[in-house]
Amino acid sequence: MLETLVSALALLLYYLFLKLRAYDRAYLEMNKKDWKINLLPAPSLFARLFNIIVGNFGASLLITLLEMTRIKFAIKKSLKQMEEAEARGKVPAILCNASARKALKERFTNYAENMRTSDALNAYAKIFLYSGTLVFLSNHVGLLQLGMEAHDEVVHNPVFIVSMPRTATTILHRTMATDTSHWRAFDLADSMMPLPPVFRSDRASRKKRAENVQRTMINPLKRIVPGWFECLATMDYKAPDQIDEDLGLCNPGIGIAYQDTLMHLHPEEKSSLESVELATYRFAWLDMMMRIHQKLEPDNDKTWLMKDPKHSAFLPQLIQQFPGARFIFIHRSPDDILASMAKLFLCFTCVSVIPGASGTTSAEWGQYALERTKFYSDGIVQYSKAHHMDENKRIDILFSELVPDVVGSIERIYERCFNQKPSEEAKAIMQSYLDQYKFEKKENQPRSLEDFHLTEQDLSFDEYREMFL
C-alpha cells in the first residue's frame, strides 16, 4: 500500500514537473518570438502551480463559490448603503438611486461571467481580479457614508491633465504637485487604501499609510510575481507615496478594478466600461471623493490637480460634472505614442495571460493600442471643435517643448491658472524632484510600430495633427 502511494506521488510530481516545464517554455518562447519584453517577470512557483493545478475549470468553480457567498453578501451591504444614501438625499442620486443599484448588480453578474469564460486569463489572474472586488465593495460602503457628510462641499475650478497616454503627463503631474502651497492631489495609496482618508497636509500619516500599502499589498504581490514591478518601472514608475492618476479612485464606486479590467478582458467585453453612462457616474464619484477630502481638511486656497489620460475620451461629461474645470493638453505625435502604449500593455498583462491565447499577441495589442489612441484623440478633437479652443479653459503644450524644460512649461501653466509664476522656492522644489526621480523609470523596453504589426499608413490622425502638431 505504501509503495503504491509513493509511486502515485512520484508520478504526480513528475507530471507536475512536465507541466511546469511546458508552461515555462511557452512563456519564454512567447517573449522571445513575439513580446520581446526586457526584464520579463518570472511568476513564482506558487503562481505557476496554481495556474496548472486549478486551471480554467477550477477558477470558474472558485469564482462561482465566491459569487454565491462572500460577493453576494458584500453587494447586498453596498445596495443597502446606497438605499440609505438615497433616502437621506445627501449623496448625488446618480451614485445611489435605483438605476445605480441595478447597474451595480448587472456589472458584477457580467464581471463574474467574463472572468469564468475568458480564454486568455490564467487561473491566478482570474481569482486575483475577482476576489479583489471584495476590497472595493468594502470601501464603497465606507466612502458613501463619508460622502453623505461632505454633501455641502463644492469643488471649485479643478485642473485636469487630460492628454493622451505616453505624453509625459505623469512627470508633469507629480512635479506640479510638489508645490503644495497651490495644489492638492491624490497619491497611489489613496486609491489602494482609501479608508480612513488621510489629510493632505499630514505628511507623517501619509508616509505611514504608504508604508502600510507597500507592506501589506505591494510586497506580497512582488513575491507572487517577482520582477513584475521592476518590469513595469521601465515604462511607468509607480510607488504608493507618489502622486498618481485619479482613475483608481473610482474603483470602489464601480466595484471592480477599472484599469485592470480594461487591460485583461477582450474588447467586446470592455464596452460597458467605456460607456458615456459609466463615465458620468465615475465623474460624480470622483467629485464625491474630492469633497470628502475637502470636508476633512478645508483649504479653499488650494486647487485640485487631477490627471488621467483616459478622461480625454469623455471631456463633455467631465466638464458637465466640473463646470469650472480647466484642462491641460500635451500633444505628441501618435506615431510615438502607439508603440509605447502597446508595450506598456504587454508588460502589464504578460503575467496574467496564457501565452498565445486570443488577445495576447503583439499584433492584437497593436490593434488595440491603435483603437485606444483614436478613441482618445477623437475625444480631444471633438471637444476642441465644440469649445472653439477656449483659452480660458485650457492650455496646450507640445511634448517636444515639455520634456526639455518641465519647469518652464509649468510656469506657462501658472500664468494661465493663477496669473502669476511659481515662487522661486516652488521652482527649486520642482527641480529637485525632477533631479531625484528622472532615473526611476528606465527606458529600456525596445518598441517600434513594426513590433506590433503596424505601419505609419495605419496611423490616420490627420485632424488631430492639423489641430495640434
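Buried means under 20% relative accessible area, exposed means over 50%, and partly exposed lies in between (1.4 Å probe, protein chains only). The views below show a predicted model, in which local features need pLDDT of at least 70 and side-chain atom pairs count only at pLDDT 80 or more, while totals for chains, interfaces and linings use all residues. Residues are numbered from 1 along each chain as its sequence is written, and side-chain values use heavy atoms, with hydrogens and water left out.

View A. Helices (H or I, at least four residues) and strands (E, at least two) are DSSP runs, numbered from the N terminus. The face of helix 19 turned away from its buried side carries the exposed residues E424, E425 and Q436. The buried residues of this helix are A426, K427, M430, Y433, L434 and Y437; they lie on the same side of helix 19, because they cover an arc of only 120° around the axis, the arc being that of the directions from the helix axis to the C-beta atoms. These buried residues pack against helix 6 (169–177) and helix 18 (406–418), where contact means heavy atoms within 4.5 Å.

**View B. A salt bridge between K295 and D152.** A salt bridge is a side-chain nitrogen of Lys or Arg within 4 Å of a carboxyl oxygen of Asp or Glu, and a search of the whole structure finds 25 of them. In this view the side chains of K295 and D152 meet at 3.5 Å, N to O. The pair links distant parts of the chain, 143 residues apart, with K295 in helix 13 (residues 276–296) and D152 in the loop between helix 5 (133–149) and strand 1 (159–161). K295 counts as partly exposed, at 37% relative accessibility, and D152 also counts as partly exposed, at 47%.

View C. The closest N and O atoms of R209 and D187 are 3.6 Å apart in their salt bridge. This pair too links distant parts of the chain, since R209 belongs to helix 8 (residues 203–224) and D187 to the loop between strand 2 (183–184) and helix 7 (188–192), 22 residues apart. R209 is buried, with a relative accessible area of 6%, and D187 counts as buried at 4%. A network of salt bridges links D187, D190, R200, R206 and R209.

**View D. The salt bridge of K310 and D308.** The closest N and O atoms of K310 and D308 are 3.5 Å apart in a salt bridge, and both residues are buried.
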